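Hi,

Here is the structure I promised to pass on. Please open it and keep it beside you while you read my notes.

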Amino acid sequence: MDVNVELQNFIRVWFAAIGALCYCYYCVTRIPSGVLRLLFVFPIVYFFLILPLDLSSFHLGAPTIFYLVWLANFKLLLFCFDRGPLSSYSSLPLLHFLSIALLPVKPTYIIRDGFKISSTQSVQGTERVPGLFWGKIILLAAIIRVYNYRELLHSNVILVLYCLHIYLAVEFILAITVIPVRALLGLEIEPQFNDPYLATSLQDFWGRRWNLMVPGILRPAVYFPVRGILTSSLGKELASLPAIFATFLVSGLMHELIYYYLSRVRPTWEVTWFFVFHGICVCIEVTVKNFLHGGWQMNRVVSGVLTLAFVAWTGDWLFFPQIIRNGLDQKAINEYYVMAAAAASDFKSSTGQQLQPATGVRRPAH
């Protein structure tokens, strides 16, 4: 992979995406909501589906795929029917509209009749606790260093490292994405994670703690429509169960699509089954809770350990096999080494020192 070419492709992809959203801002917002607006938005949805195909880097491609193919497209489809985040902020200046459409940001207020109204209760995220956030960055760097000795580690230790790696890397990428938005536009933005390691159930983990932009966009796009359609025949309580299942199914299919973009290998559907299985488990959990009416609750420490253990075990069974089999884990790890070497080279060059070759470091094989 030529780093300079990849960076040029990355910049080109994002300028193209910004241009497409400018069209939506200046033209599509003037079209009445409904099928007609959908017809004008559909070319942009297709455009966002093909844009990331020009990227081969894991760390540039994965966030771009997530932001454009999943979040931006879902926001645009919701916008066609005056739903979702863009319907609440379409009257804002262009930069605000672009940020909300293209990035995983959700302001803590909505615009209604020209007034700011708090959209949700505040969530305390670790990016607002600088010491803890930087501690996680140090831990991520330590995990990457430990990968040098992975052949000496037990498979269960590697599983724990992979789980921590995904959490820390995703939180870091999402956090640095919203920093310029908060600084330049002055938006108060909801945290993307709410300490998922403190989850006490699967419903708590997926719905209130893990990557909150995903449930935030899947609720209006999938959950609420499915529940609304089925409420008249099943009742609101029972209708929520197929709605939960449909939400997890869509999440699994979108993860499968992300895996395809990153590996360009025909899907084998393990990651889809991972989310389908978790959707079934959450449905069972909700049913049991409704049956007991809160009459019995497990100790929070015990339920927390069981929740994280279940997520890790099912991840080892269904989430990670496609990543490992297609070499995406090694690709991501090797890119860290490339970035570290480039940073070290730039530092040495800026200080006028000659870069010395590293010794005694065993890197994972390509």
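In which helix is Phe319 found? Phe319 sits in helix 12, residues 300–325. Keep in mind that this is a predicted model.

Stay with Phe319 for a moment. Its relative accessibility is 13%, so Phe319 counts as buried. Look past its neighbours within four places in sequence, and Phe319 is in contact with Ile166, His255, Tyr259, Val271, Phe274, Phe275 and Thr314. Take His255 from that list. Phe319 and His255 are 64 residues apart in sequence, yet their C-alpha atoms are 9.7 Å apart in space.

Helix 3 (residues 58–79) packs with helix 10 (residues 236–263). The angle is about 145°, and the axes are 10 Å apart. The crossing is right-handed. Helix 3 brings Phe58, Gly61, Ala62, Ile65, Val69, Trp70 and Phe74 to the contact. From helix 10 come Val250, Ser251, Met254, His255, Leu257, Ile258, Tyr261 and Leu262. Of these contact residues, 12 are nonpolar, 3 are polar and none is charged.

Now the cysteines. How many disulfides are there? The count is 0, with a cut-off of 2.5 Å between the sulfur atoms. Cys80 is in no disulfide, and its nearest cysteine sulfur, that of Cys24, is 8.2 Å away. Cys80 has 0% relative accessibility, so it counts as buried.

Best wishes

Technical notes
Residues numbered from 1 in each chain as written. Predicted model: local features only at pLDDT ≥ 70, side-chain atom pairs only at ≥ 80, totals over all residues. Heavy atoms only, no water. Axes fitted to C-alpha atoms, helices over the stretch in contact; angles between N-to-C directions. Helix = DSSP H or I, 4+ residues; strand = E, 2+ residues; numbered from the N terminus. Left-handed = near helix turned anticlockwise from the far one by under 90°. Contact = heavy atoms within 4.5 Å. Nonpolar A, V, L, I, M, F, W, Y, C, P; charged D, E, K, R; others polar. Buried < 20%, exposed > 50% of the residue type's maximum accessible area, 1.4 Å probe, protein only.
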